[in-house]
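Please have the sequence and coordinates at hand.

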Amino acid sequence: MAKKVEMLTNTRLLAEKGDAFAQFMLGRALLKEARPQALKWLKAAADQGNEEAAALLKAEFPLAEFASPVAAPVEIAGLPPPDIIDDPLDGGFEESTESLLASAKGGEADAMVALGDRYRKGDGDGRSPDYQEAMNWYRKAADLGSALGECALGMVYDLGMGVPVNEAEAKAWYLKAARQGDARAQFNLGNMIRAGRASNPSVAAKWFQAAADQGDAAAHFALGALYETGSGVQKDQGQAVEHYRDAAENGDADAQFNLANMLRQGIGIEADPSEAARLYRRAAEQGKAEAAFNYALMLATGTGVERNEEVAARWLRRAALGGHPPAKRELARLGWKLEESVR
């Protein structure tokens, strides 16, 4: 037994240094007593081109292709878009247009912005949107120093709603609102900067932090992505974990997925496969196909959850229906039909 332990220790040392054959040998030795660790080392060896590891991996772990984390901030597509796509400026006012008009004429800035929203969308009586009138009211509110009005103007120029897209104007109005503490403007300004449309990533991090300090989940997610890769801030996996957790607890599926990846691999935090599986499932239930695939893999291998191949198959099918290519390939390999309903 002592000789076996010594052999495994030496093999592990070589494996940790990147020796593909040692990784294969270690993975094979751990198959019976530590399958999650075996999966890790066999995959590491296979990724380096070790054919024996690849063959054993395919035989023992047919689903072993974890989806990658999302939102590496080096890639513009990775971070979430500004929270300005679905009815971005609606302040939630339920007053009639006539009542809002009276309040706006009386100098109430919030009513001016709400009235601008009504003109931008049309007032619900079949009238067409009037972007010029919307802009007039947004500007009146901004001229009174309203952060809401300033942010609204920033969004108008950012999205080109009734005006040509003007990034300089968008940035200027976002900056005014952000300096007044408007979390939405802080996040949108940070997003512009991080995407390379203004200034630099370190300044983006500053505004994301300001928005995150006000509880903005998207800003926490963005900061997590910046800290994970060291873009605009010093790389800090522990900080990435904390920001992802804040966003995940607020229901952000991308944050749940990235946090699960870090927990599964023990990056920035002690590995916790059970918590990783729980987070994958939460993200998968929101329709994130990559999370459904990873959850299926954990079920199939008994990593962090009780092994259940039947339930794993259901989540694999759900991932495939969500458009995840590895899940589709695995379904085809197993001969399952994509159009079968997910139970």
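## Helix packing

α17 and α18 cross in a left-handed sense; left-handed means that the near helix is turned anticlockwise from the far one by less than a right angle, right-handed that it is turned clockwise. The contact is made by Leu316, Arg317, Ala319 and Ala320 of α17 and by Ala327, Lys328, Glu330, Leu331 and Leu334 of α18. Contact means heavy atoms within 4.5 Å. By class, this contact has six nonpolar, no polar and three charged residues. Ala, Val, Leu, Ile, Met, Phe, Trp, Tyr, Cys and Pro count as nonpolar, Asp, Glu, Lys and Arg as charged, and the others, Gly among them, as polar.

This is a predicted model: local features need pLDDT of at least 70, side-chain atom pairs count only at pLDDT 80 or more, and totals for chains, interfaces and linings use all residues. Residues are numbered from 1 along each chain as its sequence is written, and side-chain values use heavy atoms, with hydrogens and water left out.

Helix α6 (residues 109-121) also passes helix α7 (residues 131-143), again in a left-handed crossing. The two pairs are set out here.

| Pair | Axes come within | Crossing angle | Orientation |
|---|---|---|---|
| α17 and α18 | 8 Å | roughly 125° | oblique |
| α6 and α7 | 8 Å | roughly 165° | roughly antiparallel |

Axes are lines fitted to C-alpha atoms, for helices over the stretch in contact, and angles run from 0 to 180 degrees between N-to-C directions. Under 35 degrees counts as roughly parallel, over 145 as roughly antiparallel, 65 to 115 as roughly perpendicular and the rest as oblique.

On the α6 side, the contact residues include Met112, Leu115 and Tyr119. Their partners in α7 include Tyr131, Trp137 and Tyr138. The residues of the contact of α6 with α7 divide into ten nonpolar, one polar and four charged.

## An enclosed helix

Helix α16 (residues 289-301) has 13 residues. Twelve of the 13 are buried, so α16 is largely enclosed by the rest of the structure. Buried means under 20% relative accessible area (1.4 Å probe, protein chains only). Phe293, Tyr295 and Met298 are among the buried residues. Their cover includes α3, α14, α15, α17 and α18. Just after α16, Gly302 takes a positive phi of about 70°.

## A buried histidine

His220 is found in helix α12 (residues 217-229). His220 is buried, at 9% relative accessible area. Beyond its neighbours within four places in sequence, His220 is in contact with Ala212, His243, Tyr244, Asp246 and Ala247.

Technical notes: Helices (H or I, at least four residues) and strands (E, at least two) are DSSP runs, numbered from the N terminus. Buried means under 20% relative accessible area, exposed over 50%, partly exposed in between (1.4 Å probe, protein chains only). The expected span of a helix is 1.5 Å times one less than its number of residues.
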